[in-house]
Amino acid sequence: MPAHHHTAPVTATPVESLAAIDEASACRICDAFAEMPGLRLTERQAALLWHLDVERCQLLLEALIEAKRLLRTSDGRYMVHPDAAPHR
């Protein structure tokens with residue numbers, strides 16, 4: 001019987017994992033911001049708009065901030081990053 005080799009799973013950062021798992025939601029969020037110039041949402045508003053639980057929404061928003069697609073304003077609202085390329 002062949003020996004079983006246990007290798008440690010390759011772990012991605014939370015942002016990388018989230019992008020891989022929920023790319024469709026990330027695209028929906030980017031599309032909405034692109035379609036509605038000036039849109040500024042709180043985390044709770046975003047979660048309600050996209051029918052996401054608050055934790056998952058927060059992770060998606062943070063991933064989009066790290067990707068320079070969104071930014072968080074000083075009052076805690078999310079908006080499109082001024083340097084963000086149009087979403088494809």
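Guide: T73 touches R40 and M79, leaving aside residues up to four places away in sequence; contact means heavy atoms within 4.5 Å. This is a predicted model, in which local features need pLDDT of at least 70 and side-chain atom pairs count only at pLDDT 80 or more, while totals for chains, interfaces and linings use all residues. Residues are numbered from 1 along each chain as its sequence is written, and side-chain values use heavy atoms, with hydrogens and water left out.

Visitor: Where is T73 found?

Guide: T73 lies in the loop between β1 (70-72) and β2 (78-80). Helices (H or I, at least four residues) and strands (E, at least two) are DSSP runs, numbered from the N terminus.

Visitor: Why is T73 called buried rather than exposed?

Guide: The relative accessible area of T73 is 16%. Buried means under 20%, exposed over 50% and partly exposed in between, with a 1.4 Å probe and protein chains only; T73 therefore counts as buried.

Visitor: What joins the side chains of T73 and D75?

Guide: A polar contact of 2.3 Å joins them. The term requires a pair of N or O atoms within 3.5 Å; within protein, one must be able to donate a hydrogen and the other to accept it, and residues adjacent in sequence count only if both atoms are side-chain atoms.

Visitor: Why are α2 and α4 called roughly perpendicular?

Guide: The axes of helix α2 (residues 23-35) and helix α4 (residues 54-66) come within 10 Å and cross at roughly 70 degrees. Axes are lines fitted to C-alpha atoms, for helices over the stretch in contact, and angles run from 0 to 180 degrees between N-to-C directions. Angles under 35 degrees count as roughly parallel, over 145 as roughly antiparallel, 65 to 115 as roughly perpendicular and the rest as oblique. The two helices, α2 and α4, are therefore roughly perpendicular to each other.

Visitor: Which residues meet between α2 and α4?

Guide: S25, A26, I29 and C30 in α2 meet L60, L61 and L64 in α4.

Visitor: How do you know that S25 is buried or exposed?

Guide: S25, in helix α2, has a relative accessibility of 6%, and therefore counts as buried. S25 touches L52 and L60, again without residues up to four places away in sequence.

Visitor: What makes H51 and K68 count as exposed?

Guide: H51, in the loop between α3 (43-49) and α4, counts as exposed because its relative accessibility is 73%. K68, in the loop between α4 and β1, is exposed, with a relative accessible area of 52%.
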